[in-house]
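Open the model in your viewer and keep the sequence panel to hand. The stops below go from a local detail to the whole chain and then to the chain contact.

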Amino acid sequence: MPEPDRQPLNLLWLQSGGCGGCTLSLLCAEGPDLFTLLEGAGIHILWHPSISEASGTEFIELLERIIEGDLQLDLLCLEGSVVRGPNGSGLFHRLAGTGEPMMKWVERLAAVAGHVVAVGSCAAYGGITAAGGNPSESCGLQYDETVDGGLLGGEFSDKQGLPVINIAGCPVHPNWVTETLLQLAAGELQREHLDEWGRPRSYADHLVHHGCTRNEFYEYKASAEKPSDLGCMMEHMGCLGTQAHADCNTRLWNGEGSCLRGGYACINCTAPGFEEPGHPFTETPKIAGIPVGLPTDMPKAWFVALASLSKAATPNRLKENAVADHIRVPPRRRPGGKS
Amino acid sequence: MSRRIVGPFNRVEGDLEVELEIDHDRVKSARVSSSLYRGFEQMLQGKEPGDALVYTPRICGICSVSQSAASAQALASLQGVTPPPNGELAINLILANENLADHLTHFYLFFMPDFARETYRDEPWYPMIESRFKAQTGSAAREVLPARAQFMHLMGLLAGKWPHSLAIQPGGTTRAVEMQERARLQAIIFGFRRFLETTLFGDSLEHIAGLDSIAALENWIEAREPDSSDFRRFLAVADALDLHLLGRGNDRFMSYGVYGLQGEPRFRQGLWDGSEQPLDTALITEDVSHSWMVQQKHPRHPFDGITLPDADASQAYSWCKAPRLDGRVVEVGALARQQVDGQPLVRALVADNGGNVRNRVIARLLEIARVVMLMEAWARELKPGEAICEHKPYPKEARGYGLVEAARGSLGHWIKIKNGRILNYQIVAPTTWNFSPRDRDGQPGVLELALVNAPLRAGEKDPVSVQHIVRSFDPCMVCTVH
């Protein structure tokens, strides 16, 4: 809750080279809803493209007042990549009504903002918008995929010494955004709370693998072979959950979901460069039958040894269920046992 | 005569600019410009076909599942696979979930707040609308956001998450449904029904979906106070501001049809051009004469479409292409869908005063009622234990297409593959149809037509009538250009 005498923090949210999906995800925030949550945190929305009244000249005047220093901007959120094309001109995204490239507006606003937040992998690194040869010449606010730089430069830091805060994800989980904003509003978020890619460690210190309901299949290398199978999706289906930094399977999405619970692979959407994995997204690349990407922190020799051992021990129940779309063989009661 | 640039328009899902030519207190002509280009069609070239299921939903965060469903259908046509009944039901439920959540978001967050603007302060209905719909502070949003979020728990169950799910596949979905999960789905849908009946309609869905004539609608309006439900509040404002006289298009409507079961779409496919006509998608072309695109000798069918940007193209004023059906402009969206399907009230309203701001919104809300009842039936028909997904490989060389209806209208994907890779992938989105620029024959797009004659209030910089007309289409600008 805000301190009684604290001024509300002014938040401005802009969209550029993206799909708007992070906002739509954010509107799914629950317990409480987004508006109530921001009110409770003492965050005032100066403008947001999906929920504010102001359009056209009212909005452009607002931007000018901020840039001229007449209106304090505490939190600048950008959703979507910085669009630099064609040929560095930024003309692929002119802010409507101004004739000027959006990247110029973002640059000016970032210079006067208290904190700068990249919402989603596009704003953080370029993301999906930078896929397939990057026709729009997109980059992130402080990264060009895995390379320091982006629009604001690798050395950028805000008035309080923080770099751009990269709430990466495609889309973001609503709570990644709300919790980061709450911590910023409370003045609690420090540089050490961000990981090497500028992501809040609150969610990026976890792996998607944590809490995966397919863990037993993973342990015994009982693998799914086709979409809708129940087995572990690491061996054949391209799942990167053991390497991806996020808490999707402990936090859950839209009530009870996650990519893996939905039956499809984790594509590591919180990582810079995820949009070009170098292989089909839902097929695991292998060398000599062994997946190229091993679980994070796992030595290869151990993985191979443990995998072959656990494969030899796979119970029939898991073998059968792994390649079915519903449980065919339930856990057996132990002879004489109670469970 | 004066010129005025209006923009950016917010609450349109993306970026939009409109150039108006104004004669006294009326819009004389309009040019609609989509101001963002990302280049998805270029990105997809050379990819494995299945990767389209990762990229295309990310064209749009609000039509994500629609993009996914169109893509899966296009890929299915390459493989020659048909989803089993459970797969069709699950896809319908997921798509309907997104479409209805979008209708709700549009009505409450995007469209209605414009009536709570200062310019209407002296209107007798203003206090009722202002307290309910004022952007960010109105009471409605605090009820709608939780209802919407709970309704979207259906996504958590059937699609893993929303937006940007990979659950929809060419042959069905990746997520089979157990018996207790089916029960849970039914509970989620019932929760949404209860919200709609209490808050949006103030009446049963059956009564709303059953409104079958203008007289029936008028009787329904008379039966209770305007302040008793949000639909009635809207109808009161629509009446006071003559919204049925605002934003008329050319009354030619198209729907690809949607929510198929065993090959039969639950909402029919067709064209309405004064009467019901069959739709021939071979007659679709995209014109780039006024687009910032490398110019072409003639408009192309999407199978042979080319998307190559050129910021210096002369005559151009938008990144959007101009799709045409047999060379002509058509309107798409909930009104078009219900008109083509033959919903009696919509047919009567269109016969009376065509496509306009009021009728577009009425059709959208009627559709919510109709689709929730369908969802209840689909959830009941799911058969736990039976297959949800069929599997077939991709051929090396083929072409195919997928057509669905997103909340805001007809969405098509056309794909050609060669040597097992995508050779060409072209997308024509709903708002590409509605917000297209002019074509080589000088024919304006639907919004450009609908803005002609829009009235200006005294001293307005950003005419509020233009705001109403633009948002009545529920535009999605990120899909438009992609």
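Start in this predicted model by selecting residues 334-341 of chain B, helix H12, and residues 344-353 of chain B, helix H13. The two axes come within 8 Å and cross at roughly 110°. Angles of 65 to 115 degrees count as roughly perpendicular, so H12(B) is roughly perpendicular to H13(B).

Next, show the side chains at this crossing. From H12(B), pick B:Leu335, B:Gln338 and B:Gln339; they meet B:Val346, B:Arg347 and B:Val350 of H13(B). By class, the residues of this contact are 3 nonpolar, 2 polar and 1 charged.

Now zoom out to chain B. In cartoon view, look for 18 helices and 15 strands. The C-alpha trace spans about 65 × 60 × 40 Å along its principal axes.

Last, select the contact between the chains, with 62 residues from chain A and 73 residues from chain B. On the chain A side, colour helix H1 (21-26), helix H2 (34-41) and helix H3 (56-67), the elements that each give two or more residues. H1(A) provides the largest share, 5 residues. Coloured by class, this side of chain A shows 28 nonpolar, 26 polar and 8 charged residues.

Definitions and conventions:
Residues are numbered from 1 along each chain as its sequence is written. Chains are lettered from A and ligands numbered from 1 in the order in which they are written. This is a predicted model: local features need pLDDT of at least 70, side-chain atom pairs count only at pLDDT 80 or more; totals for chains, interfaces and linings use all residues. Two residues are in contact if their C-beta atoms, placed from the backbone, lie within 7 Å. Helices (H or I, at least four residues) and strands (E, at least two) are DSSP runs, numbered from the N terminus. Ala, Val, Leu, Ile, Met, Phe, Trp, Tyr, Cys and Pro count as nonpolar, Asp, Glu, Lys and Arg as charged, and the others, Gly among them, as polar. Axes are lines fitted to C-alpha atoms, for helices over the stretch in contact, and angles run from 0 to 180 degrees between N-to-C directions. Angles under 35 degrees count as roughly parallel, over 145 as roughly antiparallel, 65 to 115 as roughly perpendicular and the rest as oblique.
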